[in-house]
Amino acid sequence: MSFRLRTLSALRSSLPRYTTIPSCTRYSSTFGYTQAKALVYSQYGPPSDVLKLHSHSISPAYGDEVTIRFLASPINPADINQIEGVYPTRPPLTTALGTTEPSAVPGNEALVEVQSVGANVKNFKKGDRALMRHSAFGTWRTHASATEKNLTKIDDSKFSKITDIQAATVSVNPCTAYRMLKDFVKLEKGDWFIQNGANSGVGRAAIQLARIWGLKSVNIVRSRPNLDELKEDLTSLGADLIVTEEELGRELKSKVKELTGGKGIRLALNCVGGRATTDMIRQLADEAHVVTYGGMARQPVIVPASQYIFKDLHTHGFWVSRWSDQNPEGKREMLEDIFNMMLKGEFKEVPVEKNIWTPETKEKELKEAVDRSVKGFGGKKQVFVFEGTE
Ligand SMILES: NC(=O)c1ccc[n+]([C@@H]2O[C@H](COP(=O)([O-])OP(=O)(O)OC[C@H]3O[C@@H](n4cnc5c(N)ncnc54)[C@H](OP(=O)(O)O)[C@@H]3O)[C@@H](O)[C@H]2O)c1
């Protein structure tokens, strides 16, 4: 064994895989150690109160390990709920990264690049790109140690036309919209559905999938000063009708009847809750289905008894994490289908505000990006984009 290898193996046996290091800016050391930074939380609460930036080092990939570098990671509502401690899946709080308090890294979705692989890794090589296979991995960090099981590889040819942002945001929102439009009501070409939160990531994906599949959409948004601009934007994606929450009345019902040739609407997608959702449900035809996938208003979904009794309304919930874990092959096929739409230029990425995360980025800037995602009417999804971390 050479001196360098002996030194490395001595180091490996004396150090945990992750070591806390003082903050500095070089990302790869002489012995292949990667200096990483991660947002972490050790207690649940508002992100601005509980998030901290932590520096540590990662030893060279060994055996089944893969060292990954994050390229882009969005800030989704579920990530915020996880930090608040009100989401069903929560990564365990541990000291694996060398934090003084047991901590977790937030973030569920990301595009990553493989930096190095251990000798037993079969399907990945340096430079490969991948998505996180399951939620709760912890993606708001520059680098991590993973295994092949944590990753879904993306074929290189996809990157000729697909942007890093499209790939980093495909697993949660477009996949959720895709399943909800396919799995609850058999919609034929020309059929209509209605959705609230229509300007959200999921809403925009649903509008575009509907356009591609020949479906029609009624899209509910909250009123705002730049409403015309938003309407123009959603219309350019393929929205057929855009209304505000205040316009959910009898007049709209007559209009929907006319637009649908008397057939009415049999599918509603709900991510809001409270009054706005009850008003949306009142727009539906007999035997319609409401799929609740979010609760942005943080209010319960109230369904008038008459909707169940006289209209035989069906209500469901949908959670893409559960669906994906139960249908790994279906998830692969769905991603392939969506990527093909993106390659054909049919599916636009969500409007984003890129928050560049470099070795020098301060904790305060990262927390401000998270805070911006919590405020409503932002219009843009906050995404961490990593630079200078090769
Ligand atoms: N079940 C699942 O598997 C699944 C998967 C993906 C997402 N989701 C859920 O879907 C929802 C949307 O996620 P996203 O990533 O698409 O969101 P996003 O792009 O971050 O957009 C958030 C949306 O929520 C709206 N909103 C915020 N507060 C609201 C309120 N009080 N009343 C009405 N609308 C409000 C925003 O409208 P304004 O522009 O008016 O602020 C915007 O349309 C979230 O609840 C998320 O947790 C669920």
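**Note on the predicted model and its ligand site**

1. Domain 1 (17-169 + 351-386) and domain 2 (173-322) both contribute residues to the shell around the ligand, so the ligand lies between them. The structure under discussion is a predicted model, and the remarks below should be read accordingly.

2. The shell around the ligand comprises 26 residues. N199, R224, F318, V320 and F377 are the closest of these. Sorted by class, the shell contains 12 nonpolar, 10 polar and four charged residues. Two helices deserve mention here: helix 5 (173-183) and helix 6 (201-213) each provide at least two residues of the shell.

3. On the backbone side, an N or O atom of F318 is 2.8 Å from a nitrogen atom of the ligand, and a polar backbone atom of V320 lies 2.6 Å from an oxygen atom of the ligand. From a side chain, an N or O atom of K381 lies 2.9 Å from an oxygen atom of the ligand. The ligand taken alone exposes 920 Å², of which the protein buries 86%.

4. As to annotation, the unreviewed UniProt entry assigns "domain: Enoyl reductase (ER)" to residues 48-385. In the model, this span is 32% helix and 22% strand, and its end C-alpha atoms are 20 Å apart. The annotation is cited here as it stands in that unreviewed entry.

5. Turning to the overall fold, the protein has 13 helices and 16 strands. Its radius of gyration is 23 Å, close to the 21 Å that the globule rule gives for 390 residues, so the protein is as compact as a globular protein of that length. Along the principal axes, the C-alpha trace spans about 80 × 40 × 35 Å.

How values were computed: Residues numbered from 1 in each chain as written. Predicted model: local features only at pLDDT ≥ 70, side-chain atom pairs only at ≥ 80, totals over all residues. Heavy atoms only, no water. Near = heavy atom within 4 Å. Polar contact = N/O pair within 3.5 Å; in protein donor to acceptor, adjacent residues only side chain to side chain. Areas by Shrake-Rupley, 256 points an atom, 1.4 Å probe, with all protein chains shown as cover. Helix = DSSP H or I, 4+ residues; strand = E, 2+ residues; numbered from the N terminus. Nonpolar A, V, L, I, M, F, W, Y, C, P; charged D, E, K, R; others polar. Domains from an automatic or database assignment. UniProt positions renumbered as here; feature names shortened; annotations may be inferred. Rg over C-alpha atoms; globule rule 2.2 N^0.38 Å.
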